[in-house]
Amino acid sequence: MELWKRQKKILTAFFIFLVFMFFCTLISRSVYASKLPQVTVETPRRMAINHTVEAEGIVHQGREYAVTALSGLRVRTVYANIGDRVTKETLLFDLDMEDLKQKIQEKELEIKKLQLQIASIEQNRSLDAQKQQTENARAQEDYARAEQKAAEALERTREDLEDAQDAYEDHKDSPVHLTSEEDREAAQEAYEEWVEKEETLRQEAEQKKKAYEEAQEEVKRLEEEISSQEKPQPGEEASGQQDGPEAEENPSGQPAGDGEGSGPQENPADADSVPQGQSEDAKENGGDSGPDTEDDNSGLSGQLEAAKAAEKQAKDAYESAAAAYESHMAHPVEKPDFSGEDAEQSAWEEKKGALKDAIGTAERAVEDAERSQSDQLLDAGRKVTDSQLPAGADSSLEVNRLELSALQTELAAYKKVQEASGQVYPEAEGIITRIQVSPGERVGDGAAVVYADLSSPMQFQVSLTKEQKKYVNQGDVVKLTLGNSSAKELTVDYVAENEMNPELYDARVFLPDQVGTIGQSGSFLVEAQSDTFSCCIPLNALYEDANHRKFVYVVSERSGILGTELAAEMVYVKVLDQNDSYAAIEEGIISRETELIVSSTEVLEDKDVIRYKE
């Protein structure tokens, strides 16, 4: 009882300890979970990505004309301003005549120098011709030596090729003898049949042996049973002791109850000799076990004889099976082994491959020698041809003459400006839109003054980024709003890369007649809708790493110190399209059922443990 009370106290304390540990676990889980980042999740959706391109632009003139002047001349006075309306009689600017006079003198000096250079080149022509003859003779000698040297090298490589081919043919004429595949398969099949028969005979012998041993056990069991029944029983010994008086009273030796007039009498000795477990009815009826025992012995003897016959039959069957197994094992079939032949054949094939590779090497050497001969003769021939070409003085002379002609043309142009007193006028009526010259500065290349033709329609021009350009193409319909007027639907007539900034594109819309004025501001609106994507995610769920690769955080499960936990797993994705709110990504790792993290109370890293925002 005391032991039971002690065990009860221990169990109670252990149960209290478990409850305490359970509450500690709950508290630790709560503290641990309270420090985890809280996240908001969404799943991808099927939708189309809409793109809206809106930009501000300015109305420009439709057609412009340029007023040019000789570059390099100094401007004295500029009379026109941007926005002025001009005619053919309006003086735009004039040039410094003193500077023009100095330019004319410089051109005349350059012309004189070129004339002297041309004379020197013509005098050196005869010397260059003599030098060319000498170079031609030397090139001919070099060509002959190169031809002889290349022919000798080619002949040596061809001899090496013939030797390699002879060695290969000799090796092919002495092949290795190999057993055919049919013979190998036949030998393998014979071996497998012998092994299969050996296993069958062995199993049959083991089965016969087991049957023989079981027959022996049966004979032994029957012999032991017969022997046990032939031994005297304790009741029979007692009966023998009590037969003395009865024998004296019955001298005839007949059993009691057999005489005339005598009734059936109970024999105590017979009653005592009944085996234990026999029914009381057998005793009362005066039954004697002697005859039954004899019948049983006779039956067991018959069974014993049958068992011995079965034992002999099992023994004969076992000896026959064992003899068949030993006869089979006396004529074993060896497992076929052709590794020696295969090794010899492999060595023969390896040598054959080496000789064939040698032929290939020799053939490549011949090809290299032929190519080298061709290259050497080509180089030497080119040198001969080059030595026969006309001297370079002729082209230099022609260049100088062309430069002389250009200088003379420029001089004529300067003199024409001098005749006009350096004054510049427009060729038609218009409005000045750009002035590229300034007083005291020299005229640069290109237009000095640009003026617009008021008779042509205006055009609206806007600059687009590369991202905006993806959704604006020539021929697209746009909504154009100029000033306070209502929006008009027009088409994009021109889209091209900006010449000054490759990151921008210029788009132009030709305006109808009497619409817009030069410098008027307006807004440009294009709406484009992409195809429907099956996996679209909020843009705030998309991130970019240092290598500009896009990725998202998805919710996954993992085993932690407190059981199954939620974790933020980084998954790289391929963005197909996106706008300011959504991005379409390629399906695969991300499916329609994937939970994406769109916001978090803390900055996340890959594999961070998280919990849903409450």
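1. Arg45 is partly exposed at 36% relative accessibility, where partly exposed lies between buried (under 20% relative accessible area) and exposed (over 50%), using a 1.4 Å probe and protein chains only. Arg45 forms a salt bridge with Glu42, their closest N and O atoms being 3.7 Å apart; the term requires a side-chain nitrogen of Lys or Arg within 4 Å of a carboxyl oxygen of Asp or Glu. Glu42 is partly exposed too, at 30%.

2. A word on the basis: this is a predicted model, with local features needing pLDDT of at least 70, side-chain atom pairs counting only at pLDDT 80 or more, and totals for chains, interfaces and linings using all residues. Residues are numbered from 1 along each chain as its sequence is written, and side-chain values use heavy atoms, leaving out hydrogens and water.

3. The structure holds 19 salt bridges. In one of them, Arg202 pairs with Glu206 at 2.7 Å between the closest N and O atoms. These two are 4 residues apart in helix H3, so about one helical turn separates them (helices are DSSP runs of H or I, at least four residues, and strands are runs of E, at least two, numbered from the N terminus). Arg202 is partly exposed at 26%, and Glu206 likewise at 44%.

4. Helix H7 (residues 289-329) holds Asp316 and Lys312, 4 residues apart, and their side chains meet in a salt bridge of 3.3 Å, N to O. Asp316 is partly exposed at 37%, while Lys312 is exposed at 53%.
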